[in-house]
Amino acid sequence: MERTPTGIKGFDELVEGGFPKGRSILLTGGCGTGKTIFSIQYLVEGAKTYSEPGIYVTLDERPNLLRQDMLGFGWDLRKLEEQGLLTIIDGSVAKTGLPSTEDNSIPLIGFDLEKLSLEILRTSKKTEAKRIVIDSLPGVGLSFETEGEARKAVLRLCALLEQTGATTLITSEIMEGENRFGRYGVEEFVVDGIVVLHYMGIGTQSNRTLHIRKMRATAHSEDLHPIKITKNGIVVKKIQESYENV
Ligand SMILES: Nc1ncnc2c1ncn2[C@@H]1O[C@H](COP(=O)(O)OP(=O)(O)OP(=O)(O)O)[C@@H](O)[C@H]1O
Ligand SMILES: [Mg+2]
């Protein structure tokens, strides 16, 4: 099985070297758990360390704010875009209802998962992207009448993404303690892997952890790993390391 290393410090060794190549992985967690940072880091590392072009579909945040925020981690997205190593597709129009001034965006009118998929497919052909991020699936703003409908739509999206040959990370959200992994309760069944991020404030210390809930064709860690958001991005720690620091 070929792997797509995330390049995120401490993560790849938990999953036999990286995500299964060409598959879809769900990254889920509550708000502010680091999903966006993790997914941008996956693309930045891919571009810088592995020279793999990536596509970032932003459905929650405006591209310019994102570019600004990520500079804080030393990630110059604009530069990667100029080098052809990153393409940002502005899907935030779905949420704000405002037209986009970006080079790549989705149409304001008649937006749906189908149009988004086609835009991604088109861009991936043009840029030969090896990594794709969709952040986030609930940001598409879809409402499904039934669970069957939702499952069908997500399944179709995953199948389309598979055609690109790229390794895809899709973010979704869950509330802490909720007994499912995505907003629609169906994402978990159609993806090839699930990574869950947790955030618990205990006392004066915040406590961030990550666990791998599923990774097809992979012997993966089943532990709850402490993570830290540093000035260079996310670092996944071994369990004993966190105790040593207490
Ligand atoms: N430079 C930084 N250093 C340390 N922690 C940071 C830094 N920047 C952001 N954070 C932390 O990361 C959190 C935001 O992470 P991120 O935007 O990736 O979360 P998210 O899971 O995508 O959230 P949402 O559900 O709102 O989209 C902030 O709430 C903050 O706690
Ligand atoms: Mg986010």
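I'll start with the ligand. The residues in the shell around ligand 1 are three nonpolar, six polar and four charged. Keep in mind that this is a predicted model. The shell has 13 residues, and those that come nearest to the ligand are Cys31, Gly32, Lys35, Thr36 and Ile37. Which helix gives the most to this shell? That is helix H1, residues 35-50, with three residues.

Now the protein as a whole. There are eight helices and 11 strands. Along the principal axes, the C-alpha atoms fill a box of roughly 55 × 45 × 40 Å. A compact globule of 246 residues would have a radius of gyration near 18 Å, and the protein, at 17 Å, agrees with that. Of those 246 residues, 44% count as buried. If you take contacts between residues at least 6 apart in sequence, 67% of them join residues at least 24 apart.

One pair of helices next. Helix H5 covers residues 113-127 and helix H6 covers residues 147-163; their axes come within 10 Å and cross at roughly 10°. Angles under 35 degrees count as roughly parallel, and H5 and H6 are therefore roughly parallel to each other. On the H5 side, the residues in the contact are Leu113, Ser117, Ile120 and Leu121, and they meet Ala153, Leu157, Leu160, Leu161 and Gln163 in H6. By type, this contact has seven nonpolar residues, two polar and no charged.

Then some points in the loops. Between Asp135 and Ser136 the peptide bond is cis, with omega about 5°. Ser136 sits in the loop that runs from strand E6, residues 131-135, to H6.

Two residues other than glycine have a positive phi. For Glu128, phi is near 55°. Glu128 is in the loop between H5 and E6. Is Glu128 buried or exposed? It counts as exposed, because it has 12 C-beta neighbours inside 10 Å. For Ala217, phi is near 60°. Ala217 is in the loop between strand E9, residues 205-215, and strand E10, residues 225-230. Ala217 has 11 C-beta neighbours inside 10 Å, so it counts as exposed.

Last, Arg180. This residue is in the loop between strand E7, residues 167-173, and helix H7, residues 187-190. Arg180 has 14 other C-beta atoms within 10 Å and is therefore partly exposed. Along the chain, Arg180 and Thr28 are 152 residues apart, while their C-alpha atoms are separated by 10.0 Å.

Terms used: Residues are numbered from 1 along each chain as its sequence is written. Chains are lettered from A and ligands numbered from 1 in the order in which they are written. This is a predicted model: local features need pLDDT of at least 70, side-chain atom pairs count only at pLDDT 80 or more; totals for chains, interfaces and linings use all residues. A residue is near a molecule or strand if its C-beta atom, placed from the backbone, lies within 6 Å of it. Helices (H or I, at least four residues) and strands (E, at least two) are DSSP runs, numbered from the N terminus. Ala, Val, Leu, Ile, Met, Phe, Trp, Tyr, Cys and Pro count as nonpolar, Asp, Glu, Lys and Arg as charged, and the others, Gly among them, as polar. Axes are lines fitted to C-alpha atoms, for helices over the stretch in contact, and angles run from 0 to 180 degrees between N-to-C directions. Angles under 35 degrees count as roughly parallel, over 145 as roughly antiparallel, 65 to 115 as roughly perpendicular and the rest as oblique. Two residues are in contact if their C-beta atoms, placed from the backbone, lie within 7 Å. The radius of gyration is taken over C-alpha atoms; the globule rule is 2.2 Å times the number of residues to the power 0.38. A residue is buried if 20 or more other C-beta atoms lie within 10 Å of its own, exposed if 12 or fewer, and partly exposed in between; C-beta atoms are placed from the backbone.
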